[in-house]
Amino acid sequence: MTTSDHHWFGCDIAPGKSANTEFEVTESYSSRSVVIPIQIRRGISPGPTVFVTAALHGDELNGTGAIRTLLADPTWVLQSGTLLLIPVLNVLGFERHSRYLPDRRDLNRCFPGTSGGSMASRLAKVIFDSLIKKCDYGIDLHTAAVRRTNFPNVRADLSNPDCLRLAEAFGAGIILQGKGPKGSLRREATKAGCPTIIIEGGEVWKVESSVADCMTRGIFNCLKELDMMPGKPNIPDTQAIIRETRWLRAERGGFMSMHVAPGDTVVKGQAIATNSNLLAEDQNRLEAPFSGVVIGMTTLPAVQPGEPVVHIGRLANPKSARRHEKQIAGDDVQRTAHEHLATNIQVTEASDPPVDES
């Protein structure tokens, strides 16, 4: 599907040209307009219309950094279609350094929105009607929640062939199956006929260069896959498709010593983290429930019972884990992200469990 509408938010954009503009989404407490900045690029030839958004949660800035890299790079050219680049979608949350809107709602649970509902719902409707409904594909950039980090991964409804195509083309190396929560942008956009994937990577409140590099490469890969840019996507030879994940949670309060880092592969029974009291006396150990890959983990080692510690995605068996480990090692972008994210976590070797002499 292509679009013939090249009038965007007050701008007429000729083929091969771009424009920086903005669109109004709501009003502030002082009755001033709240606007979302956006750049629209048109290729020379007709083609799909694709949106790339970041900071839907206002504190998730890795995607913002990635999009700003694209905006500042004059060396790449869009050959066909229309590309909408939105570095900050949730401007109200962004200005408060917050995941949420001023009404304490999560914008990413409010789509497609309503015209007579809460402030968050009204904002979602304006975004959905003015932007999402006019696009053929979508890429939405995220990070982990506060006090957590994620190894770069794609999440999509893989039962949708177009979502699967985009997810594989992005080339993150790890693809998680899922439609997304009810009211999320990717779920509602896909349902409305705009296949959308999300990318999770890194932490809030910062731009991590290795994560941003994964995102920029992936965006270019998708544009090449859609014939909007020349060349072929640069993707790993194999990618792990994850259909089951599990959060390992603390059983005791205390201080966690981590034995794995984001992106590590693990085998069933492997020590993941050891809980100890403040005097370093071991209390219990978390072990991998299956062979898999570490998708994400807490960055705060102090825990209470029930708090999430490590997020693991299931791989078929130990052989699959070793194959995925080689895949990361052979891909410069993923390897750099793996090495960088590991430096943000103090990883120690697991000691042998005490011998029961009773």
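User: What does Thr26 touch, leaving out residues up to four places away in sequence?

Analyst: In this predicted model, Thr26 touches Arg32, Ser33, Val34, Leu92 and Leu123, once residues up to four places away in sequence are left out. Thr26 itself lies in strand 3, which covers residues 18-27.

User: Why is Thr26 called buried?

Analyst: The relative accessible area of Thr26 is 19%, and the label buried applies under 20%; Thr26 is therefore called buried.

User: How do you know that the size of the chain agrees with a compact globule?

Analyst: For 358 residues, the globule rule gives a radius of gyration near 21 Å, and the chain has 21 Å, so the two agree. The C-alpha atoms fill a box of roughly 80 × 50 × 35 Å along the principal axes, and 54% of the 358 residues count as buried.

User: Which contacts join residues at least 24 apart in the chain, and what share do they make up?

Analyst: Taking contacts between residues at least 6 apart in sequence, 69% join residues at least 24 apart. The chain is made up of eight helices and 19 strands.

User: Which residues of helix 1 are buried, and what do they pack against?

Analyst: Helix 1 spans residues 62-72, and its buried residues are Asn62, Gly63, Thr64, Gly65, Ala66, Ile67 and Leu70. These buried residues pack against strand 4 (33-42), strand 5 (45-54), strand 6 (80-86), strand 7 (137-142), strand 10 (196-202) and helix 6 (209-225).

User: What makes a set of residues a nonpolar core, and which residues have the most contacts inside the largest one?

Analyst: The residues must be buried, of a nonpolar kind, and joined through side-chain atoms within 4.5 Å. The largest such core has 47 residues, and those with the most contacts inside it are Trp76, Leu141, Phe170, Ile197 and Leu223. Helix 6 supplies the largest share of this core, eight residues. Leu223, for its part, touches Trp76, Leu78, Leu83, Met228 and Met229, not counting residues up to four places away in sequence. A second, separate core has 34 residues, including Ala19, Val88, Cys110 and Ala189.

Definitions and conventions. Residues numbered from 1 in each chain as written. Predicted model: local features only at pLDDT ≥ 70, side-chain atom pairs only at ≥ 80, totals over all residues. Heavy atoms only, no water. Helix = DSSP H or I, 4+ residues; strand = E, 2+ residues; numbered from the N terminus. Rg over C-alpha atoms; globule rule 2.2 N^0.38 Å. Buried < 20%, exposed > 50% of the residue type's maximum accessible area, 1.4 Å probe, protein only. Contact = heavy atoms within 4.5 Å.
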